[in-house]
Amino acid sequence: IGATDWWVEGYGSGLSLRACLHALKVRYRIHVTFSAGNLQRMAHSGYVVADNDVSGVGEVAAIATGLPYWMPERSGQDINDVHQAMGTFRTSQVLGKWVREMKEKKAAA
């Protein structure tokens, strides 16, 4: 109870997201869907962490869920790439800031 659903495409993304959310000390349930199509069909609550595919497939799937989504800035990256490059602390701070912004936006609506 009180855990937030998080949706990702890949297992590596799920592990990186887990490390970051654990660092933020938040309650979470991570769902690994193994494809953008499954992500689009399965994600129904919480947040999506999308892959920034060169083809745009990850973002299209994330938008189709209707859920708030975070995506790395650089094309061709997923959260695992960001986590590898920036480390757990910095990546968790980016995600934490994004979640706060999403909550403020929801409260203002």
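Which handedness does the β-α-β unit made by β1, helix α1 and β2 have? In this predicted model, the unit is right-handed. Strand β1 covers residues 4-8 and strand β2 covers residues 28-32. Helix α1 spans residues 11-23. The points below take the sheet, then the helix packing.

**The sheet**

- Four strands form an open sheet.
- Their order is β2-β1-β3-β4, and the pairing is parallel.
- The edges belong to β2 and to β4, which covers 69-70.
- Each edge strand has a single partner strand, so one of its sides has no neighbour in the sheet.

**The β1 and β2 pair**

- β1 and β2 run in the parallel sense and are joined over five bridges.
- W6 has I30 of β2 as its bridge partner.

**Helix α1 against helix α4**

- Helix α4 takes in residues 79-108 and packs with α1.
- The axes of the two helices lie 8 Å apart, at an angle of about 20°.
- Angles under 35 degrees count as roughly parallel, so α1 is roughly parallel to α4.
- The crossing of these two helices is right-handed.

**Residues in the helix contact**

- α1 contributes G12, S13, S16, L17, A19, C20 and A23.
- α4 contributes I79, N80, H83, T88, T91, S92 and L95.
- Of the residues in this contact, eight are polar and six are nonpolar.
- No charged residue takes part in the contact of α1 with α4.

Key
Residues are numbered from 1 along each chain as its sequence is written. This is a predicted model: local features need pLDDT of at least 70, side-chain atom pairs count only at pLDDT 80 or more; totals for chains, interfaces and linings use all residues. Side-chain values use heavy atoms; hydrogens and water are left out. Two strands pair if DSSP finds at least two bridges between them. A crossover is right-handed if, with the strands pointing away from the viewer, the path from the first strand over the helix to the second runs clockwise. Axes are lines fitted to C-alpha atoms, for helices over the stretch in contact, and angles run from 0 to 180 degrees between N-to-C directions. Angles under 35 degrees count as roughly parallel, over 145 as roughly antiparallel, 65 to 115 as roughly perpendicular and the rest as oblique. A crossing is left-handed if the near helix is turned anticlockwise from the far one by less than a right angle, and right-handed if clockwise. Contact means heavy atoms within 4.5 Å. Ala, Val, Leu, Ile, Met, Phe, Trp, Tyr, Cys and Pro count as nonpolar, Asp, Glu, Lys and Arg as charged, and the others, Gly among them, as polar.
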